[in-house]
Amino acid sequence: MSDECDNNCETCTKTETCMDVKKKQILEQERLKLNISRIKHKIAIISGKGGVGKSTVTVNLAMAFALNDYIDSVGILDADLHGPCVPKMLGLHGQRLPVGPAGIFPVKGPMGIKVVSMDFLLENDEDPVIWRGPLKMGAIKQFLSDMRWGELDFLFIDLPPGTGDEPLSVMQLIPDLDGVIIVTIPSEISQIVVKKAVTFARQLEIPIIGIIENMSGYVCPHCGTESNIFKTGGGRKIADDLSVPFLGSIPIDPAICSDSDEGVPFIIKHRDSASTKAFTKIVKEIECFLDQKRLEITTEPRLHTQEIEK
Ligand code: ADP
């Protein structure tokens, strides 16, 4: 039977009336609005291609913010529905979303980080999620509107690589997204896809907080020699070429990989490493961006008033 309305209510066999459907949609919309209004800053992490360390960056940035005065006030939405790996990186794999009379809650990780991921809903690790666009949009909408995120200072959204359904859904569902961070590696192939990510954000008029170059150089722990396995400087160059801020470079560190596998956030375990210092510097750059944005917002009405007075 066609879903299209033929404007004949008498013969309509739908169990829900149009009014019920509309009311439900309005309620859902209100719930979404209310839920995300309790989260001060919403930042999406994107990349042109997979395997560049986007989830690693998301987890460690979230952790860096939690360590930096935002304990119990940071969340991560793992919006990579097909390959969720944030729970594994935080040692939360195998847990379930707690359900109570008040609703469904995120799983709490180290430093009180609240995590929502498809991984908490899958019965079996080997089960693939085979969904088309509308279902994915529905799942992300529910993650944002039905979860009891509570009051948060930061929500980091880990998006799957590319510019498909999930990034589009997040951009549409969160109109006040603070911006996107683009993760890349120094190789030329990665630079080509960064351009696509930048164009994507610009077309949707989403602010670009900046580009992070991950896997940037490697210092041998035995002889101290520095090697640029994936070249170096590509992230800064592409940022300059595209007039986008460059947030910083994170070196290759075998401990980042082993910590992720063990479910221990790298920056907690290796507080004095070069990579942790790089993350800390990037946090400052992001704070700077947010301060600047706040300043623009607070000065805007003043300008407006002056214009009216004129
Ligand atoms: P993506 O989310 O872009 O697919 P991941 O964050 O899953 O990428 O990272 C891919 C792999 O690379 C993981 O095993 C991760 O531990 C490792 N990795 C990421 N960044 C670094 C780094 N700077 N040094 C060493 N290993 C890294």
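In this predicted model, helix 4 (residues 133–145) meets helix 5 (residues 165–173). On the helix 4 side, the contact residues are Gly133, Lys136, Met137, Ile140, Lys141 and Leu144. Helix 5 answers with Asp165, Glu166, Ser169, Val170, Gln172 and Leu173. By class, this contact between helix 4 and helix 5 holds 5 nonpolar, 3 polar and 4 charged residues. The two axes come within 9 Å and cross at roughly 45 degrees. Angles of 65 to 115 degrees count as roughly perpendicular and those under 35 degrees as roughly parallel. Helix 4 and helix 5 are therefore oblique to each other. Their crossing is right-handed.

Helix 4 also packs against helix 1 (residues 18–37). Here the angle is about 55 degrees, and the axes lie 8 Å apart. Helix 1 and helix 4 are therefore oblique as well. From helix 1, the residues in contact are Glu28, Gln29, Arg31, Leu32, Asn35 and Ile36. From helix 4 come Lys141, Leu144 and Ser145. The classes come out even in this contact of helix 1 with helix 4: 3 nonpolar, 3 polar and 3 charged. Lys141 and Leu144 take part in both helix 4 contacts, the one with helix 5 and the one with helix 1.

A further pair is helix 6 (residues 188–203) and helix 7 (residues 234–241). Helix 6 contributes Gln191, Val194 and Lys195, while helix 7 contributes Gly234, Gly235 and Ile238. This contact of helix 6 with helix 7 divides into 2 nonpolar, 3 polar and 1 charged. Helix 6 passes helix 7 in a right-handed crossing.

| Helix pair | Angle between axes | Axis distance |
|---|---|---|
| Helix 4 and helix 5 | roughly 45 degrees | within 9 Å |
| Helix 1 and helix 4 | about 55 degrees | 8 Å |
| Helix 6 and helix 7 | about 35 degrees | 10 Å |

The model holds 1 cavity of 30 Å³ or more. The largest cavity has a volume of about 40 Å³. Its lining consists of Thr56, Val59, Asn60, Met89, Ile256, Ser260, Val264, Pro265 and Phe266. Two elements give two or more residues each: helix 2 (54–67) and helix 8. Helix 2 gives the most, with 3 residues. The lining of the largest cavity has 6 nonpolar and 3 polar residues, and no charged ones.

The second largest pocket contains about 210 Å³ of space. Its lining is made up of Gly53, Thr56, Met89, Asn214, Met215, Pro251, Ile252, Asp253, Ile256, Cys257, Ser260 and Asp261. Helix 8 (residues 254–262) supplies the largest share, 4 residues. The lining of this pocket divides into 6 nonpolar, 4 polar and 2 charged residues.

What does proline 251 contact, leaving aside its neighbours within four places in sequence? The contacts are Met215, Ser216, Gly217, Ile256, Ala274, Ser275 and Ala278. Proline 251 and glycine 217 are 34 residues apart in sequence. In space, they are 5.2 Å apart, C-alpha to C-alpha.

How values were computed
Residues numbered from 1 in each chain as written. Predicted model: local features only at pLDDT ≥ 70, side-chain atom pairs only at ≥ 80, totals over all residues. Heavy atoms only, no water. 1 Å grid on protein atoms, 1.4 Å probe; cavity = no way out; pocket = protein on both sides within 12 Å on 5 of 7 lines; lining within 4 Å. Points joined across faces, edges and corners; volume = space filled by probe spheres on them. Nonpolar A, V, L, I, M, F, W, Y, C, P; charged D, E, K, R; others polar. Axes fitted to C-alpha atoms, helices over the stretch in contact; angles between N-to-C directions. Parallel < 35°, antiparallel > 145°, perpendicular 65-115°, else oblique. Left-handed = near helix turned anticlockwise from the far one by under 90°. Contact = heavy atoms within 4.5 Å.
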